[in-house]
Amino acid sequence: MPKLSIEDLSLKDKRVIMRVDFNTPIDGNGKITDNTRIRLAIPTIEYILKHGASLILMSHLGRPKGEKDKKYSLKPIAIHLSSLLGKDVEMANDCIGKEVEETASSLASGNILLLENLRFHPEEENPDLNPEFAKSLASLADIYVNDAFGTAHRKHSSTYTIAKYFPKAAATGFLMKKELNFLLDTIFNPVKPFYAIIGGAKVGSKIKIFKSLITKVDAFFIGGGMAYTFYKAMGKSIGKSICDNEMIKVASSFLSDAHEKGVPVYLPIDNVVANDFRSDADHKTVLSEKGIDDGWQGMDIGEKTIHLWKDKLKAGKTIYWNGPMGVFEMDVFAKGTFAIAKTLAGLTATTIIGGGDSVSAINTLNLEGSFSHVSTGGGRVS
Ligand code: AMP
């Protein structure tokens, strides 16, 4: 996510390439049936043009599966945008290639070029297939702006890879800024009770989240690999479970701090443990109060924990979730993560999902649309 805002950059006589989310519904006659997303992009578009830049817009539309398909052409959107802005919007026949480069380089200040659907190229969704794709998009402009909040959490060529070609000239647009502010507001001024569920493995980087939230949160739920550092801090045996030894003191001081402030910290009451870090390892469920024996390691939260947490989470009005509850990449240890995802998806509370792995878990379950916000840094799925 770019750190700069568009207002931080000088735009005069620059060429700006902006990722927008024009993934709008279009009927069989090429008519746009809901233009909300196009309208939402207009403040940033107008700002860029008013400040003397030329503008290249890029977006995806639908799921053309990496191939050209007329049905998913952005041409109707160019026409619609042109009527909303009251000015010409030139339509490119592709998003990369010689012809596009020539059109882009001759684009005069104040003019707009809309590139053809990014997803006509498989590299858009899979940047690793060919990093040259993002580079070709980047070569069209001097400045990169991302205003596509709906897709900002995805690591696609046009939303993620491209930014590295603009180390000092990548910025967020107004829509993105507004949504991010809303997100921060939700977390820092939450409707109570506010619960934080933290999992995953990187205690070091996430402890900052714990600390910043301690005065806001009404209860913490700590699962995933993270939990074992906390157990160790409490003097429990954890076998060969993942543990960040350097963070034990920090975990311990967090627990005392939470205790002093009267904020409950729920750790799993039972764990699925395995005798090896493999999907076909022997595994069983053990109660946390008994500790984890030598030779075994925690891989997921257990059924009892799932049951208890499901019940407690029902009371939440705002819930922030970051990090899986277990080694969810292995089906046999994915139960806890998926159960939490499904529970949150079924609540009416404001639910905010952060962290790439939690996001990938909900994508696997096709639950993207069931959360208020889904982000790696702040994106809402649409
Ligand atoms: P993070 O980037 O901190 O969100 O960590 C995500 C990773 O944590 C995922 O790859 C999970 O497989 C891993 N993880 C979750 N629970 C455990 C666990 N009990 N033991 C080892 N790794 C875990």
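In this predicted model, the ligand is surrounded by 17 residues, counted as near when one of their heavy atoms lies within 4 Å of it. The closest are A201, K202, K206, G298 and E329. By type, this shell splits into seven nonpolar, six polar and four charged residues. Here Ala, Val, Leu, Ile, Met, Phe, Trp, Tyr, Cys and Pro count as nonpolar, Asp, Glu, Lys and Arg as charged, and the others, Gly among them, as polar.

Some of these neighbours can be looked at atom by atom, with a polar contact being a pair of N or O atoms within 3.5 Å. E329 puts a polar side-chain atom 2.4 Å from an oxygen atom of the ligand. For K206, a side-chain N or O atom sits 2.7 Å from a ligand oxygen atom. Taken alone, the ligand exposes 510 Å², and the protein buries 87% of that (Shrake-Rupley method, 1.4 Å probe).

The ligand takes up the space of the largest pocket, a pocket being an open set of points on a 1 Å grid over the protein atoms alone, with protein on both sides within 12 Å along at least five of seven lines. A cavity, in contrast, is a set of points where a 1.4 Å probe fits but cannot get out. The whole structure holds one cavity of 30 Å³ or more, and the largest cavity has about 30 Å³ of space. Its lining, meaning residues with an atom within 4 Å of a point, includes Y231, K236, S237 and N271. That lining divides into three nonpolar, four polar and one charged.

On the scale of the chain, an automatic or database assignment gives domain 1 (6–175) and domain 2 (182–374). Their centres, taken over C-alpha atoms, are 38 Å apart.

Residues are numbered from 1 along each chain as its sequence is written, and side-chain values use heavy atoms, without hydrogens or water. Local features need pLDDT of at least 70 and side-chain atom pairs count only at pLDDT 80 or more, while totals for chains, interfaces and linings use all residues.

Conventions
Polar contact = N/O pair within 3.5 Å; in protein donor to acceptor, adjacent residues only side chain to side chain. Sits in = over half its atoms within 2 Å of the grid points. Points joined across faces, edges and corners; volume = space filled by probe spheres on them.
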